[in-house]
Amino acid sequence: MNYDAMFQVALDGLHADGSYRYFAELERRSGRFPKAFHHGVGREITIWCSNDYLGMGQHPDVLAAMHKALDESGAGAGGTRNISGTNHYHVALEKELASLHGKESALLFNSGYLSNWVTLGTIAARLKDCVVLSDALNHASMIEGVRHSRAEKRIFRHNDLEDLERHLKDLPADCPKIIAFESVYSMDGDIAPIEAICDLADRYGAMTYLDEVHAVGMYGAQGGGIAQQLGVEHRLTVIEGTLGKGFGVVGGYIAASAPLCDFVRSFGSGFIFSTALPPMIAAGVLASVRHLRQSNSEREGQKRAVAYLRKKLGEARIPYMKTPTHIVPVMVKDAVLCRELSDELLKRFGHYLQPINYPTVPRGTERLRLTPGPMHTEEDIDSLVEALSMLWQERQLERRYEEAA
């Protein structure tokens, strides 16, 4: 059996349809974000697709906290949380995250993916006859968590309250139910009707599981996310977030009641058997969360950059999806063309964007996903839009899209 040949056939298929993923070898420059050195093209470039949405990965408070903790505690945690791996910084960070979301407790994980996978997988598996109602556009980590649980799953149409209620009505009143959904959906940048979903959960006796990974740090008076912005955090059973996007470091967490967090801590194998986050990571995140709870300047700067980018894209007649969030998708609708445009933007103009193709988005909706932040200047945005406009004109894309319409 030639196993490598089998692998290569599958990879060739990705190359053929334009969905093969390439890695960019970047060297972030602390103090100069969103600038970085791209080793592939041998030049400094501007990053437009980073999930370090607010630039907290280079904030002086975060770096100082990490240096201090590294000197105090060393490089690693030394084990799982159960076996010598629980450090003072882990405990302090969990208390801070619980306070951020107005919850009794919080639990740290090594990534946002792991927090979804372990939490949904553990709760849905161990509650007898549990049914998970999952939004059709939920992240892969949520899908895998539900799949791992082997619980019954009902998929409701994206943000469709009528379809969700249809499924809820169809279930026995006494069976445990979890409604799993996101606040900000990362590819389209739209927002879930959180309050209305909570209303349905109350009516039909369901738990609510809200993924806020693309919202924590950036929305709400203290950076607690969309639920905090709406004042409905108390209505949600579980709020899940990441520490690697708005907070700029790495890791994931849930915030919920003390019994629920202890339940996941005690039964979730992905938590139990994972070496804990290094103390310096927890210390850096703690500094980031505390800073963003009292500082609005980063959030305001991001709003200004997003508004200016949308204005310039509109003036240049470059099609983009109008979203209520910081995510600005430029619609290309062709996988090969999406890759070509991103390559040209990088090599000719020094702008780094990742093409978003299938299976991340449906075929025919391929896009360039822009995430402007507070450290992108108006000059940066002008340069990007001028480059995009030039490529649009060279390929006569405006005419192409008009004819397709």
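A charge sits over a ring if NZ of Lys or CZ of Arg is within 6 Å of the ring centre and within 35 degrees of the ring normal. This tour begins with two such places. The structure is a predicted model, in which local features need pLDDT of at least 70, side-chain atom pairs count only at pLDDT 80 or more, and totals for chains, interfaces and linings use all residues. Residues are numbered from 1 along each chain as its sequence is written, and side-chain values use heavy atoms, with hydrogens and water left out.

**Charges over rings**

Select Arg363 and Tyr358: the charged end of Arg363 sits over the Tyr358 ring, 3.8 Å from its centre. Next, select Lys322, which lies over the face of Tyr320 at 4.7 Å from the ring centre.

The peptide bond from Tyr358 to Pro359 is cis, with omega near 10 degrees. Pro359 belongs to the loop between β13 and β14. Strands (E, at least two residues) and helices (H or I, at least four) are DSSP runs, numbered from the N terminus.

**The sheet beside this loop**

Now display β11, β14 and β13. In that order they form an open sheet of three strands with antiparallel pairing; two strands pair if DSSP finds at least two bridges between them. Which strands are at the edges? They are β11 (328–331) and β13 (355–356), each of which pairs on one side only. Two bridges join β13 to the antiparallel strand β14 (residues 367–370). For one of the bridge partners, select Pro355 and find Leu368 in β14.

Helix α12 (residues 297–315) packs on the sheet and touches β11 and β14. The direction of α12 makes about 20 degrees with that of β11, where axes are lines fitted to C-alpha atoms, for helices over the stretch in contact, and angles run from 0 to 180 degrees between N-to-C directions.

Select His376, in the loop between β14 and α14 (378–394). Is His376 buried or exposed? It is buried, with a relative accessible area of 9%; buried means under 20%, exposed over 50%, and partly exposed in between (1.4 Å probe, protein chains only).

The His376 side chain has a polar atom 2.8 Å from the backbone oxygen of Ile47, and it reaches the backbone nitrogen of Gly373 at 2.9 Å. Leaving aside neighbours within four places in sequence, the residues in contact with His376 (heavy atoms within 4.5 Å) include Pro34, Trp48 and Ala305.

Follow Pro34 to the loop between β1 (26–28) and β2 (35–38). A cis peptide bond, with omega about 15 degrees, joins Phe33 and Pro34.

**Aromatic pairs**

The structure holds three aromatic pairs. Rings of Phe, Tyr and Trp (its six-membered ring) pair if their centres lie within 6.5 Å; planes under 30 degrees apart count as stacked, over 60 as edge-to-face and the rest as tilted. Select Tyr20 and Tyr22, an edge-to-face pair at 4.9 Å centre to centre, with 80 degrees between the planes. Then select Phe109 and Phe271, also edge-to-face, at 5.7 Å and 75 degrees. Phe109 lies in strand β4 (residues 105–109) and Phe271 in helix α10 (residues 269–272), so the pair ties together parts that are 162 residues apart in sequence. Both Phe109 and Phe271 are buried.

**Last stop: a backbone angle**

Most residues other than glycine have a negative phi, and most peptide bonds are trans. Select Ser84, which has a positive phi of about 70 degrees although it is not a glycine. Ser84 is in the loop between α2 (60–73) and α3 (88–100) and is exposed, at 59% relative accessible area.

Technical notes: Polar contact = N/O pair within 3.5 Å; in protein donor to acceptor, adjacent residues only side chain to side chain.
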